[in-house]
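Hi everyone, thanks for coming. Today I'd like to walk you through one structure, a few residues and helices at a time. Please have a look at it first.

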Amino acid sequence: MGRTPQHPEVSDFDVQRVLEALVDPVRRSIVTQLDALGADIKCGGFDVPVGKATATHHFGVLREAGLIRQYYVGTLRMNSLRRADLDQAFPGLLDAILAAQKQPA
């Protein structure tokens, strides 16, 4: 396994866990940034208003819920949005959340 953390299989995704992960605005921001860029982003490449330790916690919650996949490139921990997996498990859910995120408050 090496340094790559564990990720849930699509068959193990739980809608409650996904929604609980996305209730936090920092985690929604991470998902939104990954979706908008359409590419993988290193952990330090996100615009988040929290410190490194707190950001690490948020990445873990997102990974454990199945929203992101993390892997290493050299010493960089990269993050990718598991859009296809989420669309397979919960069709339309991610699109609805991202669209709501774009709405003015």
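Gln-88 is exposed, with a relative accessible area of 57%; buried means under 20%, exposed over 50%, and partly exposed in between, using a 1.4 Å probe and protein chains only. Gln-88 sits in helix 4, residues 83-89. Helices here are DSSP runs of H or I with at least four residues, strands are E runs of at least two, and both are numbered from the N terminus. Val-10 is 78 residues from Gln-88 along the chain, and the C-alpha atoms of the two are separated by 7.9 Å.

A word on where this comes from: it is a predicted model, where local features need pLDDT of at least 70 and side-chain atom pairs count only at pLDDT 80 or more, while totals for chains, interfaces and linings use all residues. Residues are numbered from 1 along each chain as its sequence is written, and side-chain values use heavy atoms, leaving out hydrogens and water.

Now let's go to helix 2. Leu-37 belongs to helix 2, and at 54% relative accessibility Leu-37 counts as exposed. Between the C-alpha atoms of Leu-37 and Thr-54, 17 residues apart along the chain, there are 22 Å.

How do the axes of helix 2 and helix 3 cross? Helix 2 (residues 25-37) and helix 3 (residues 52-65) have axes that come within 10 Å and cross at roughly 70°. Axes are lines fitted to C-alpha atoms, for helices over the stretch in contact, and angles run from 0 to 180 degrees between N-to-C directions. Helix 2 and helix 3 are therefore roughly perpendicular to each other; angles under 35 degrees count as roughly parallel, over 145 as roughly antiparallel, 65 to 115 as roughly perpendicular and the rest as oblique.

Who meets whom there? Val-26, Arg-27, Ile-30 and Val-31 in helix 2 are in contact with His-57, His-58, Phe-59, Val-61 and Leu-62 in helix 3, where contact means heavy atoms within 4.5 Å.

Helix 2 also has helix 5 as a partner: their axes come within 11 Å and cross at roughly 100°. Helix 2 and helix 5 are therefore roughly perpendicular to each other too. From helix 2, Arg-28, Val-31, Thr-32 and Asp-35 meet Leu-94, Leu-98 and Gln-101 of helix 5.

That's my tour, and I'm happy to take questions!
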